[in-house]
Amino acid sequence: MEVTCTGCSLLCEDIKIIVENGRIVKDFGSCIVGNEKLRMAFSPERFKEYLAVEDGSLKRLSGDEMAEKVAEMLKSSRKPLLYGWCNSTCEAISLGLKLAGKLNAYFDGPLSLYYGYAIMAAREKGFYKTTLDDVRENADHIIFWGANPAETFHRHMSKFSVFPRGLKAERGVESRILTVVDVRKTRTVAHNRLILQPGEDAALMEALTYMVETGQYPSESKLSLPLRRIASLVRDLKNSSFVAIFYGLGLLGSGKAEENLSALHRLTDALEKAGVRCVAMPLPGHYNSLGFIETCLKETGHPYALNFTPEGVKHSPAETSVVPILVKGEADAALIVSSNPLASLPFKAAQTLASLPFAALDYVETLTVKHAKYRVPVAISGLETGGTALRLDGVEMKLNPAVEPPEGILSDEEFLRKVYENL
Ligand code: SF4
């Protein structure tokens with residue numbers, strides 16, 4: 001049977017598994033990350049018990065008892081933070097928004113740190129009209145900018161962007177130009193590899209844009225790369241018919257996300273004007289990052305960093321996203337859904353979260369789960385529970401469960417419904 005892997009936002013729908021007596025005995029097609037997720041389902045390390053910290057020790061609860069306790073904690077909170085959601089199905093996110101509405105809570109996820117802004121910018125540029133299947137069939141120049149898919153999105157190159165043959169890439173990798181721009185040499189294969197000094201991305205994009213538009217060298221350049229290397233890339237770009245740019249934290253995590261994205265979009269506009277089709281898509285890791293944004297937009301009109309109030313939903317990322325909320329002490333309890341903020345938030349925000357009463361839902365015992373007052377094991381999306389998610393290009397994918405979760409373990413959606421009923 002086939003399952004959809006939720007190991008990353010590629011949502012590979014072609015993973016074949018052989019199930020005997022309710023257990024996976026063999027799988028084909030998954031990468032090392034996806035395989036680890038399948039392996040975890042039947043691992044002795046699997047997190048399977050509902051645990052509450054009471055009077056300094058851990059107490060085992062049933063699922064129903066845990067839902068009551070979590071509802072009690074949220075009800076007695078002045079202003080809870082409901083955080084995570086990008087590794088949950090659209091249905092669970094939708095239920096989370098309902099919970100947030102009932103509790104007048106903050107609602108946010110890791111996207112408010114980096115990728116949310118980029119996804120919204122790509123959305124406004126219309127880049128999600130292009131799918132990865134379109135890239136596979138038609139793109140003849142692939143650029144990875146500040147991204148290393150060989151070690152993070154293992155099947156991006158083999159399933160979509162580099163190696164497969166396509167209508168206009170009849171010889172697969174031999175029909176495409178591969179360009180990698182980064183601050184270090186990575187394992188991602190490239191014909192053109194441009195190694196920049198940190199912080200030079202926008203300047204390189206501006207130089208490329210100028211040369212695409214004018215055909216001239218810029219009068220001065222402070223770039224560490226020689227202009228002849230940049231001119232060679234410009235020639236390759238102008239000789240391409242469809243350039244697909246995929247970018248990652250190298251562009252977004254350098255404190256210059258807005259400047260870099262503006263420069264990137266000026267470059268894509270310049271190429272379009274020069275008759276070269278061009279799209280630029282971010283590579284968020286969490287499997288349902290696009291689903292998080294689209295569900296929030298559909299149900300509230302805002303993409304992330306939501307503050308539910310009696311007067312309506314407010315969105316002002318400088319005040320209503322996770323870091324300022326925690327650093328300013330605005331939340332007094334939290335519900336963390338399939339996310340590990342204690343391992344990923346800036347120190348001050350993580351320290352504040354750790355000091356709050358909070359519940360954490362996950363299928364593995366992460367650092368965040370280990371520090372939670374209420375530790376809630378949940379089923380693995382796509383393998384043990386179904387639903388809907390959006391791939392990194394916005395294509396809707398159906399998740400169909402293939403095996404049963406461990407006894408007594410619910411999906412995050414089922415558990416959240418119980419919490420909601422207890423409010
Ligand atoms: S590339 Fe991502 S979705 Fe595909 S098998 Fe690997 S982890 Fe799973």
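# Pockets, cavities and domains

Modeller: Let's start with the largest pocket, whose volume comes to about 1100 Å³. This is a predicted model, where local features need pLDDT of at least 70 and side-chain atom pairs count only at pLDDT 80 or more, while totals for chains, interfaces and linings use all residues. Residues are numbered from 1 along each chain as its sequence is written, and side-chain values use heavy atoms, with hydrogens and water left out.

Colleague: Why is one space called a pocket and another a cavity?

Modeller: The search runs on a 1 Å grid over the protein atoms alone: a cavity is a set of points where a 1.4 Å probe fits but cannot get out, while a pocket is an open set with protein on both sides within 12 Å along at least five of seven lines. Points are joined across faces, edges and corners, and the volume is the space filled by probe spheres set on them.

Colleague: What makes a residue part of the lining?

Modeller: Having an atom within 4 Å of a grid point. For the largest pocket, 49 residues pass, and Gly7, Asn87, Gly285, His286 and Tyr287 lie nearest its centre. Helix α1 (residues 32-41) gives the most, with 5 residues. A helix here is a DSSP run of H or I with at least four residues, numbered from the N terminus.

Colleague: How do you know which lining residues count as nonpolar, polar or charged?

Modeller: Ala, Val, Leu, Ile, Met, Phe, Trp, Tyr, Cys and Pro are nonpolar, Asp, Glu, Lys and Arg are charged, and the others, Gly among them, are polar. That gives 25 nonpolar, 19 polar and 5 charged residues for the largest pocket.

Colleague: Where does the ligand sit, and how do you know?

Modeller: It sits in the largest pocket. We can say so because more than half of its atoms lie within 2 Å of that pocket's grid points, which is the rule for sitting in a pocket.

Colleague: Why do you speak of domain 1 and domain 2?

Modeller: Because an automatic or database domain assignment sets the bounds: domain 1 is 47-109 + 304-422, and domain 2 is 115-282. Their C-alpha centres are 35 Å apart. With contact meaning heavy atoms within 4.5 Å, 6 residues of domain 1 touch 12 of domain 2. Each domain also gives at least three residues to the lining of the largest pocket.

Colleague: How many cavities are there, and what lines the largest one?

Modeller: There are 2 of 30 Å³ or more. The largest has about 70 Å³, and its lining includes Cys5, Lys37 and Ile380.

Definitions and conventions. Helix = DSSP H or I, 4+ residues; strand = E, 2+ residues; numbered from the N terminus.
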